Amino acid sequence: MIGYQLERYGELAEGIERVLISRQEIETRIYELGEEISRDYAGRNPLLVGVLKGVVPFMADLVRAITIPIEVDYMDIARFRAGSEGAVRLEKDLNVPIEGRHILFVEDVIDTGMTLNYLLRNLRARDPASLEVCVFFNKPVHRLVNIPLKYKGFDLPDKFVVGYGLDYREQYRNLPFVGLLHAHVFQEEIRD
């Protein structure tokens with residue numbers, strides 16, 4: 001089955017060494033998260049907040065798995081590397097006020113936690129009734145900031161993985177599974 005997943009996606013799957021999390025495993029876990037969130041937020045009309053772009057596949061599937069009334073909004077950020085390591089600037093803010101609202105921050109992946117910590121501080125300053133985090137992919141090995149996660153999909157190894165929203169140079173986001181990116185992809189880039 002896993003070999004079939006790679007074959008089915010042909011050119012798109014080139015560079016994938018192997019599948020780490022299958023499409024079926026992703027679908028099953030999203031369904032479970034949708035049930036948990038629906039139960040925990042029943043009667044509260046939560047606002048799900050995501051950061052563009054990587055969260056889009058997860059957010060789209062998650063909202064379809066939730067069986068209670070919800071609202072959805074997005075933020076967008078720019079990260080700066082040179083001269084200001086780790087600096088973040090808000091490019092697109094929320095369209096709705098969140099004071100007194102129950103906010104579920106939905107994230108595709110957490111690595112160091114620095115960006116998420118910045119965004120959560122920003123949202124807490126707006127006085128929501130509650131603010132929790134739902135992350136689909138957790139990479140705890142590089143964590144610099146401890147962030148409580150109310151909902152979690154999968155822990156990822158300390159490897160470069162792509163698919164299901166995770167990218168390498170804006171490629172591979174649309175794979176319906178998570179795969180290990182083959183080392184030759186990086187080697188080709190070094191030679192160029």
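## Ground rules

This is a predicted model, where local features need pLDDT of at least 70, side-chain atom pairs count only at pLDDT 80 or more, and totals for chains, interfaces and linings use all residues. Residues are numbered from 1 along each chain as its sequence is written, and side-chain values use heavy atoms, with hydrogens and water left out.

## The chain as a whole

The chain holds five helices and nine strands. Both come from DSSP runs, numbered from the N terminus: helices are H or I with at least four residues, strands are E with at least two. Along the sequence the pattern reads α-β-α-β-α-β-β-β-α-β-β-β-β-α.

How much of the chain is buried? Of its 192 residues, 44% count as buried. Buried means under 20% relative accessible area, exposed means over 50%, and partly exposed lies in between (1.4 Å probe, protein chains only). The accessible surface of the chain is about 10200 Å², and 49% of that belongs to carbon and sulfur atoms. These areas come from the Shrake-Rupley method with a 1.4 Å probe; for residues, only the protein chains shown count as cover.

Now look at contacts, meaning heavy atoms within 4.5 Å. Take those between residues at least 6 apart in sequence: 64% of them join residues at least 24 apart.

Start with α2, which covers residues 23-40. Its 18 residues, at 1.5 Å each, should span 26 Å, and its end C-alpha atoms are 26 Å apart, so the two agree. The expected span is 1.5 Å times one less than the number of residues.

In α3, the buried residues are Phe-58, Met-59, Leu-62 and Ala-65. Viewed down the axis of α3, they fall within an arc of 125°, so they line one face of the helix. That arc is taken from the directions from the helix axis to the C-beta atoms. An α-helix has 3.6 residues a turn, so residues three or four places apart point the same way.

Two strands pair if DSSP finds at least two bridges between them. Four bridges join β1 to β9. Arg-18 stands opposite Leu-180 in β9.

## Aromatic rings and a buried Asn

How many aromatic pairs does the whole structure contain? A search finds seven. Rings of Phe, Tyr and Trp (its six-membered ring) pair if their centres lie within 6.5 Å; planes under 30 degrees apart are stacked, over 60 edge-to-face, and the rest tilted.

Phe-136 and Phe-154 make an edge-to-face pair, 5.4 Å centre to centre with 85° between the planes. Phe-136 is in β6 and Phe-154 in β7, so this pair ties together parts 18 residues apart in sequence. Both residues are buried. The rings of Phe-136 and Tyr-164 have centres 5.6 Å apart and planes at 50°, so that pair is tilted. Tyr-164 lies in the loop between β8 and β9, so its pair with Phe-136 in β6 ties together parts 28 residues apart in sequence. Ring pairs link Phe-58, Phe-136, Phe-137, Phe-154 and Tyr-164 into a cluster.

Asn-138 also lies in β6. Asn-138 is buried, with a relative accessible area of 5%. Leaving out residues up to four places away in sequence, Asn-138 touches Ile-110, Arg-143, Leu-149, Lys-152, Phe-154, Asp-155 and Leu-156.

Most residues other than glycine have a negative phi, and most peptide bonds are trans. Where does the chain depart from this? A cis peptide bond joins Leu-52 and Lys-53, with omega about 10°. Lys-53 is in the loop between β2 (47-51) and α3.

Asn-45 is not a glycine, yet its phi is positive, about 45°. Asn-45 sits in the loop between α2 and β2, and at 30% relative accessibility it counts as partly exposed. Arg-169 has a positive phi too, about 55°. Arg-169 is in the loop between β8 and β9 and is exposed, with a relative accessible area of 59%.
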